[in-house]
Structure formats: structure tokens, C-alpha cells
Amino acid sequence: MKLTKKSHACIRLEKDGRTLVVDPGAFSEEDSAVGADVLLVTHEHADHFAEDRLRAGLEANPAAEIWTLRSVAEKLSAAFPGRVHTVGHGDAFTAAGFDVQVHGELHAVIHPDIPRITNVGFLVDGSVFHPGDALTVPEHPVDTLMLPVMAPWNKIAEVIDYVREVKPRRAIDIHDALLTDLARPIYDRQIGALGGTDHGHLTPGDSTEL
């Protein structure tokens, strides 16, 4: 399986000529969902869910379908009947040859005064886990953890402890549009030294074989 990092929280997974895209949001490229057979969205925040990106992907491929939580599905299901599926914690499905498990229920706490919304994470092929905006620990081993490194709701100590708890074979940064180039070496050094696993990042557009 080939993993391609897109800007911020968006990733593309490809195998056997099929493509799965997670979280093509407003910080991601305008064509980030185009070419996808499967689209997954973790929650409704704009940096993860951009309706125009999803519509472009669904219109470019009439066979493409989306799996997401209710708040996102409600905004798209009328325009794409039968192609938008609502999922929640504990669900599992197969789409375009990808096996997907759904883990998690709530977005991480941004501030106690801000109500928490629903957030789900996706474990693809029992290997790659994208948690969205939460530090969800799946009930299954994870080979490759997509690691949210910079957000209004986290700090580096939590990120390091999350890597330690999940214990993936490797962690690859996502949710990094807010992380400046000046700060990147600090995060790389501390997560790499203290996380207990292979840690790295990909420049948007770069790929790695899993």
C-alpha cells in the first residue's frame, strides 16, 4: 500500500489500482479528493471537512462513496443519494478493497467552555490509523500511526504519550499546517527521542510504501 501525504490532515492510500482519501479539508489541496474511490471524513471541522473538495471527488468519480459521521453525512446525502454512509465507533466495512474499522467518539477537548463534537478515527487494513482530532487508542495493534502534532487542543507531552500508548511501528505527522518550519526540528527531536518508535514526516505530495 502506498501512502501519500497531502497538506495538513489529509492522506491518500493506494493499492491494487484503488484510492482511499481521508480528511480532504480546507487546508488541503483543492483536488485532494479527486481520483478517490473511497472518501473518509473524521469530523465536521473545516480543516478536515471541506464540502467543495468532497463534491469534486464525488463528481469526478461517479462510483466514489463516502463514509463519515452523521453531522457530515447530513450535508451531502441529499446531493449524492446512496453514496454517503454514516458510521460510528465499532463499525467496520469494506470499500474498494480496503477494510476499515471505526474507532472513537469525541473530539479532543479544545477548552472546557467549547462543547465537544463527534469525531471518529479510521483504521485501514488493520495497519494505518488516522485518529482525526482525538488521541484515540484503537483496540487493535497499529503499524502506522498518523500523528496529529500541532493543534489548538494538544501539547507535545500529550503527543509523545499518545505514541507511547499506541505503540505503532512508526508514526508519521499529520495536522501540521500550524507547525512552522522553525519549530519542526524541536518536534522531530522530542517525539523521536521520547515517543519510543520510528517517527518522521512527509512533505505534502511525498509518498512512502507501507
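Visitor: Why is S7 called buried in this predicted model?

Guide: The relative accessibility of S7 is 18%, and buried means under 20%, so S7 counts as buried. As for its place, S7 sits in the loop between β1 and β2, where S7 touches F27, S28, E29 and P204, if residues up to four places away in sequence are not counted.

Visitor: What makes β1 and β2 a pair, and in which sense do they run?

Guide: Two strands pair if there are at least two bridges between them; strand β1 (residues 2-5) and strand β2 (residues 11-15) have four bridges, in the antiparallel sense. As one example of a bridge, K2 has E14 in β2 as its partner.

Visitor: How do you know which strands are the edge strands of the open sheet?

Guide: The seven strands of this sheet follow the order β6-β5-β4-β3-β2-β1-β14, and their pairing is mixed. Strands β6 (84-86) and β14 (207-209) each pair on one side only, and these are the edge strands. On average, neighbouring strands of the sheet are turned by 20 degrees against each other, with direction ignored.

Visitor: Which residues of helix α1 are buried, and why are they said to lie on the same side of α1?

Guide: In α1 (residues 51-60), the buried residues are R53, L54, G57 and L58. Because these residues cover an arc of only 130 degrees around the axis, they are placed on the same side of α1.

Visitor: What covers the buried residues of α1?

Guide: Their cover includes strands β4 (38-41) and β5 (65-68), together with helix α2 (70-76).

Notes:
Residues numbered from 1 in each chain as written. Predicted model: local features only at pLDDT ≥ 70, side-chain atom pairs only at ≥ 80, totals over all residues. Heavy atoms only, no water. Helix = DSSP H or I, 4+ residues; strand = E, 2+ residues; numbered from the N terminus. Axes fitted to C-alpha atoms, helices over the stretch in contact; angles between N-to-C directions. Buried < 20%, exposed > 50% of the residue type's maximum accessible area, 1.4 Å probe, protein only. Arc of directions from axis to C-beta. Contact = heavy atoms within 4.5 Å.
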